[in-house]
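Let's take a walk through this fold together. Keep the sequence and the 3D view open side by side as you read.

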Amino acid sequence: MLLLSDSLPESYPADAANLTAALETHGVPYRFLKGTRDIWLRDFMPVRTGSGHLVSFRYEPSYLADVPELRTDFRKDIGPGLGLPVRYSGINLDGGNVVYSPSGQRAVVSDRILRENPDRDRDELLRELETLLEADVILIPSLDGDMTGHADGMVRFVDERTVIGNRVPAKHGLEQRIRAVLNRYGIEVVDFPYFSSPGDSAVGCYLNFLEAGDYIFLPVFGAAMDREATALAEALFDRPVVPVLLREVAQQGGCLNCITWERPEPGGL
């Protein structure tokens, strides 16, 4: 069952209609979740490990320090109504900053986690995180100017030894540094279509797709690059790719992975 915030159709009706129509057409069940304070479910909902355990991290990102009314507290606002077995952690971490490999044995996390937990010893923090995530953590660099620094806007796994990364001009050093880190772990980085937009907009970030059912739901933006991104996704992934026009939400800084969360089926934990 795919969950979406009940504020999504109210705040971004066109995008919500595009997404729900695509889900319905391809038989992916969904429902709207009440009690959320914004649409970014991936960040404040629990992280699901490879074994199926749910871990709820503290959601107090520095970029929301001045707007605490937008911080959804899963433990108080959402968790009691879902009745799921969840382990709680005091580590300050957004769910969008965790990108698992298909096996669940590796998890890419950006170094923004260090800034968000300044009182923690680095090595101790990473050891605890690996225990909670049940995975080897690969720490990649992030840009200081990126509001969230989330890993799911920088890389996504194709298989255990391949990820896609944003294709940017060579003068942009971040992607080269990310590639160097991943290469040290034996992971190849395939350039994926990307174009930049002003401010914190995620318009142009095609790799923030949604994996649901047997499909890849790929955000597109009504741009000339849409067709190239769709074709490459079809060539890389062993499942059908469904383009979903998503301009309103993307302009706010996130795409399809950011606004969705997969609720485990009963008995699936």
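**A loop, a sheet and some salt bridges**

Start with Glu 134, which sits in the loop between α6 (122–133) and β8; helices (H or I, at least four residues) and strands (E, at least two) are DSSP runs here, numbered from the N terminus. Before going further, a word on ground rules: this is a predicted model, in which local features need pLDDT of at least 70 and side-chain atom pairs count only at pLDDT 80 or more, while totals for chains, interfaces and linings use all residues. Residues are numbered from 1 along each chain as its sequence is written, and side-chain values use heavy atoms, with hydrogens and water left out.

Glu 134 has a phi near 55 degrees, a positive value in a residue other than glycine. Most residues other than glycine have a negative phi. At 36% relative accessibility, Glu 134 counts as partly exposed; on this scale buried means under 20% relative accessible area, exposed means over 50%, and partly exposed is in between (1.4 Å probe, protein chains only).

Now zoom out for a moment. The protein has 8 helices and 15 strands. Its C-alpha trace spans about 45 × 40 × 40 Å along the principal axes. For 269 residues, a compact globule would have a radius of gyration near 18 Å, and the 17 Å of the protein agrees with that; the radius is taken over C-alpha atoms, and the globule rule is 2.2 Å times the number of residues to the power 0.38. Of the 269 residues, 52% count as buried. As for contacts (heavy atoms within 4.5 Å), take those between residues at least 6 apart in sequence: 74% of them join residues at least 24 apart.

Next stop, a sheet. Which strands make it up, and in what order? There are 3 of them, forming an open sheet in the order β9-β10-β11, with mixed pairing; two strands pair if DSSP finds at least two bridges between them. β9 (155–159) and β11 (188–192) stand at the edges with a single partner strand each, so one side of each has no neighbour in the sheet. From one strand to the next, the twist averages 35 degrees; axes are lines fitted to C-alpha atoms, for helices over the stretch in contact, and angles run from 0 to 180 degrees between N-to-C directions. Strands of a sheet pair through backbone hydrogen bonds, either parallel or antiparallel. Here β9 and β10 (residues 162–166) go for the antiparallel sense, over 4 bridges. Look at Asp 159, whose bridge partner in β10 is Thr 162.

Helix α7 (residues 173–184) lies across β9, β10 and β11, running at about 150 degrees to β11. Helix α8 (residues 226–236) packs on the sheet too, touching β9, β10 and β11, and its direction makes about 150 degrees with that of β11.

What ties α7 to β11 at the side-chain level? Asp 191 forms a salt bridge with Arg 179, with the closest N and O atoms 2.7 Å apart. Asp 191 lies in strand β11 and Arg 179 in helix α7, so the pair ties together parts that are 12 residues apart in sequence. Asp 191 is partly exposed, at a relative accessible area of 37%, and Arg 179 is partly exposed as well, at 28%. Elsewhere, salt bridges that share partners join Arg 120, Glu 124 and Glu 128 into one network.

In the whole structure, a search finds 11 salt bridges, each being a side-chain nitrogen of Lys or Arg within 4 Å of a carboxyl oxygen of Asp or Glu. One of them joins the side chains of Asp 144 and Arg 115 (2.8 Å, N to O). Asp 144 lies in the loop between β8 (136–140) and β9, and Arg 115 in helix α5 (residues 112–116), so this pair ties together parts 29 residues apart in sequence. Asp 144 is exposed, at 63% relative accessible area, whereas Arg 115 is partly exposed, at 43%.

Last, find Asn 92 in strand β5 (residues 86–92). Buried or exposed? Asn 92 is buried, with a relative accessible area of 4%. Its neighbours, not counting residues up to four places away in sequence, include Arg 58, Tyr 59, Ile 113 and Glu 116. The side chain of Asn 92 reaches the backbone oxygen of Glu 116 at 3.3 Å.

Technical notes:
A polar contact is a pair of N or O atoms within 3.5 Å; within protein, one must be able to donate a hydrogen and the other to accept it, and residues adjacent in sequence count only if both atoms are side-chain atoms.
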